[in-house]
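The structure is shown first, and the description follows.

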Amino acid sequence: MSVQQIPTGKIIDGEEVIAIELTNSRGTYVKIFNYGAIINKFIVENASGEKQDIVLGFDDFGGYLDPAYIANGAYVGAVVGRYANRIKDGQFTLEGKSYQLAKTTGTDTLHGGVVGFDKKVWEVIEVGENNSNSVTLQYESVAGEENFPGNLLVELTFELTENDELILSYEAETDQATPINLTHHGYFNLSPAGGNVKDHQLQIFGSNFLEQDENYCVTGKLIPVKDTPLDFTTLKPIGKDWDEGEGYDQTFVLDKTYGELTLASKVTEEHSGLMLSVYTTEPVAHLYTSKYLRVKHAKGGREYTGFDAFCVETQHHPNAINIPGFPSTVLAPEDLYTQTTIYKVSLNK
């Protein structure tokens, strides 16, 4: 196994952008940028013995800074925060004080605001600790950033194991009560040829989904998946029951004990013979089949369009800061935020 740091030559807000490469003895390779904590490459061996990159992204770091890409709001491969998904009307009240955030998608706030964690240069604070194949990144979000309260210090460790597991371990602490809901926004495609993911087979271990309003913001109501197109309780093609013009952009409540590390979803693809299993301590998983994805000059000169990838965004319930019945997304100064999500790649035997 090996860990390498490679400067990109880019300086953003006075901070150097670094690429960190993790490689295990099987030849599995992961490339991470400290900008946005982006997973840029995730290369594995498929059933034909070929090396295959299973995540979307750019060949060169500069692609992530392209104005057209930024305007698309795709968050490809990045960690998003302070608050994943939508906050209704960009408003919340905490400890008797009301806060107004920037409205970045219609009337709501999406993925942390205008300049979220996906557009920040994280500090590389630890590489290969205790001989592990890992890197730890840190970002301090100061009080008032995107109008959130409290100074929030976040650490994120990426570890690539010998079993082709990429483990994301989060910790955060604050000096004032603040909302927090972090997720990773990886865009996956397991087909060697890429393209529409409708024929990928998906299973989600959740018997209920969250009702959404017309702007995709959750209302607080849980709905059983049974007898709906959102029933992925058994493995089926992603496109089997979908509206081909809409796909999926929906949050599933996982069948689990709160806080336990359990299997959230698995996806298989016939031509690669690969399976991606997602494990998490988080209570929900948001499925997004990239309806709005429009990215030019991506890897290999490709153009990404709608439904060219799927995302399984593990997190707490969206808009939970405004819905008392949901698990709390408030971090207090005396508490430690923790989360673990694992992307495990294997052959579908």
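## Basis of the description

In the residue classes used here, Ala, Val, Leu, Ile, Met, Phe, Trp, Tyr, Cys and Pro count as nonpolar, Asp, Glu, Lys and Arg count as charged, and the others, Gly among them, count as polar. The structure is a predicted model.

## The largest pocket

The largest pocket has a volume of about 640 Å³. Its lining consists of 33 residues, and those nearest the centre are Asn72, Gly73, Ala74, Tyr75 and Leu110. Two elements give two or more residues to this lining, namely helix H1 (67-72) and strand S24 (284-288). H1 supplies the largest share, four residues.

By class, the lining of the largest pocket comprises 17 nonpolar, 11 polar and five charged residues.

## The second largest pocket

For the second largest pocket, the volume is about 300 Å³. It is lined by 16 residues, of which Glu15, Val121, Trp122, Glu123 and Tyr139 are the closest to its centre. The elements that give two or more residues to this lining are strand S2 (15-23), strand S11 (123-127) and strand S12 (134-141). The most come from S12, which gives three residues.

In terms of class, the lining of the second largest pocket divides into six nonpolar, two polar and eight charged residues.

## Sheet and hairpin

Strands of a sheet pair through backbone hydrogen bonds, in either a parallel or an antiparallel arrangement. In this model, five strands form an open sheet in the order S1-S2-S3-S4-S5, and their pairing is antiparallel. Strand S1 (2-12) and strand S5 (51-53) are the edge strands, each pairing on one side only. On average, neighbouring strands of this sheet are turned by 15° against each other, direction ignored. Within the sheet, S2 and strand S3 (residues 29-33) are joined in the antiparallel sense over five bridges. Thr23 has Tyr29 of S3 as its bridge partner.

Strand S8 (residues 91-94) and strand S9 (residues 97-100) also pair in the antiparallel sense, over four bridges. Phe92 is placed opposite Tyr99 in S9. S8 and S9 form a hairpin with two residues between them, and Glu95 in the turn has a positive phi of about 50°.

## Aromatic contacts

The whole structure contains 19 aromatic pairs. One of them joins Phe117 and Tyr139 in an edge-to-face arrangement, with 5.3 Å centre to centre and 65° between the planes. This pair links distant parts of the chain: Phe117 lies in the loop between strand S10 (109-110) and S11, whereas Tyr139 lies in strand S12, and the two are 22 residues apart. Phe117 and Tyr139 are both buried. Tyr139 is also one of the residues closest to the centre of the second largest pocket.

An aromatic cluster is formed by Phe33, Tyr35, Phe58, Phe61, Tyr64 and Tyr69.

## The position of Gly128

Gly128 is located in the loop between S11 and S12. Is this residue buried, exposed or partly exposed? Gly128 counts as partly exposed because its relative accessibility is 22%, and the buried class requires a value under 20%.

The C-alpha atoms of Gly128 and Val3 are separated by 6.5 Å, although the two residues are 125 residues apart along the chain.

Note on methods
Residues numbered from 1 in each chain as written. Predicted model: local features only at pLDDT ≥ 70, side-chain atom pairs only at ≥ 80, totals over all residues. Heavy atoms only, no water. 1 Å grid on protein atoms, 1.4 Å probe; cavity = no way out; pocket = protein on both sides within 12 Å on 5 of 7 lines; lining within 4 Å. Points joined across faces, edges and corners; volume = space filled by probe spheres on them. Pairing = 2+ DSSP bridges. Axes fitted to C-alpha atoms, helices over the stretch in contact; angles between N-to-C directions. Phe/Tyr/Trp six-rings, centres within 6.5 Å; stacked < 30°, edge-to-face > 60°. Buried < 20%, exposed > 50% of the residue type's maximum accessible area, 1.4 Å probe, protein only.
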